[in-house]
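The exercises below ask for a careful reading of one model, and each task is followed by a solution that goes step by step. Please work from the coordinates before turning to the solutions.

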Amino acid sequence: MKVHSTTGVLSFMVVSSVFFEHQQGSPLQTKVLNSALKLFVEQGFHKTSIPDLVTQSGVSIGSIYKHFGDKEGVAKELMTRLFEALSQQQLAIIAQHSRVQNQYRALVEWMFNFALEFPDVMAFLLYARHQDFLPDTRSACSAKPFMVLRDVIAQGIAQGEIKQQDALIMAAVAFGPVLRILQLYLDGVLPKPLADYRDELIQTSWQAIAR
């Protein structure tokens, strides 16, 4: 499995699980969003057309325009639902633990498992240039799921579990190596299975920030 992004187009050589479920919208909308996610990763936003979405999803062109307006509408709905679903999963994980160290471990484990189950979604989050096709939105790193990770670190600083330093710096130290390992996994260049890096990475990163 490998992702190529040398030309701004992501070419994914694996089929992952379907991310969006019918419970989050109508079956028609779900088909379009899952198809859009796949095509935006494989071809890039600009090279994906409405006819491509029709072919991939099996939904008529009229229905796509009716429910989403245009391709930009599809992309906006995709990102809104994606970021909301991710942040809900994160908050559910955080609620299960009182200590920030345990929250951190659980979140990193979730990130690893998510990359294994939904590599196309992780590739979209880490590689796609979201502001190229949604210029009015903030960057993905300013979106709610990434802010949740930062807030966990800020809470650890406030509670005395993490060094009294800038929260953004501590968050970069805590999660930067994790995201880098996930990128290497998506690029297909890790010499060992992704799971083999998890525990050592968690321990090393936590030691770097722990008070």
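A salt bridge here is a side-chain nitrogen of Lys or Arg within 4 Å of a carboxyl oxygen of Asp or Glu. The model is predicted, so local features need pLDDT of at least 70 and side-chain atom pairs count only at pLDDT 80 or more, whereas totals for chains, interfaces and linings use all residues. Residues are numbered from 1 along each chain as its sequence is written, and side-chain values use heavy atoms, with hydrogens and water left out.

**Exercise 1. Salt bridges around Arg105**

Task: determine which residues form salt bridges with Arg105, and state where the partners lie.

Solution. Glu109 is one partner of Arg105, with the closest N and O atoms 3.4 Å apart. Helices (H or I, at least four residues) and strands (E, at least two) are DSSP runs, numbered from the N terminus. Glu109 and Arg105 are four residues apart in helix 5, and are therefore separated by about one helical turn. In general, an α-helix has 3.6 residues a turn, so residues three or four places apart point the same way.

Next, Asp199 also forms a salt bridge with Arg105, the closest N and O atoms being 3.5 Å apart. Because Asp199 lies in helix 10 and Arg105 in helix 5, this pair ties together parts that are 94 residues apart in sequence. Arg105, Glu109, Arg198 and Asp199 are linked in a network of salt bridges.

Finally, consider accessibility, for which buried means under 20% relative accessible area, exposed over 50%, and partly exposed in between (1.4 Å probe, protein chains only). Glu109 is partly exposed at 23%, Arg105 is partly exposed at 32%, and Asp199 is partly exposed at 39%.

**Exercise 2. Aromatic pairs**

Task: describe the ring geometry of Tyr104 with Trp206, and then that of Phe114 with Phe118.

Solution. Rings of Phe, Tyr and Trp (its six-membered ring) pair if their centres lie within 6.5 Å, where planes under 30 degrees apart count as stacked, over 60 as edge-to-face and the rest as tilted. A search of the whole structure finds eight such pairs. Tyr104 and Trp206 form a tilted pair, at 5.7 Å centre to centre and with 35 degrees between the planes. This pair links distant parts of the chain, as Tyr104 belongs to helix 5 (residues 100-117) and Trp206 to helix 10 (residues 198-209), 102 residues apart. Tyr104 is buried at 1% relative accessible area, and Trp206 also counts as buried, at 9%.

The second pair, Phe114 and Phe118, is tilted as well, with 5.1 Å centre to centre and 50 degrees between the planes. Both Phe114 and Phe118 are buried.

**Exercise 3. The protein as a whole**

Task: how many helices and strands does the protein have, and what percentage of its residues is buried?

Solution. The secondary structure comes to 10 helices and two strands, which follow the pattern β-β-α-α-α-α-α-α-α-α-α-α along the sequence. Buried residues make up 46% of the 211 residues. Of the contacts with a separation of 6 or more, 67% are between residues 24 or more positions apart.

Definitions and conventions. Contact = heavy atoms within 4.5 Å.
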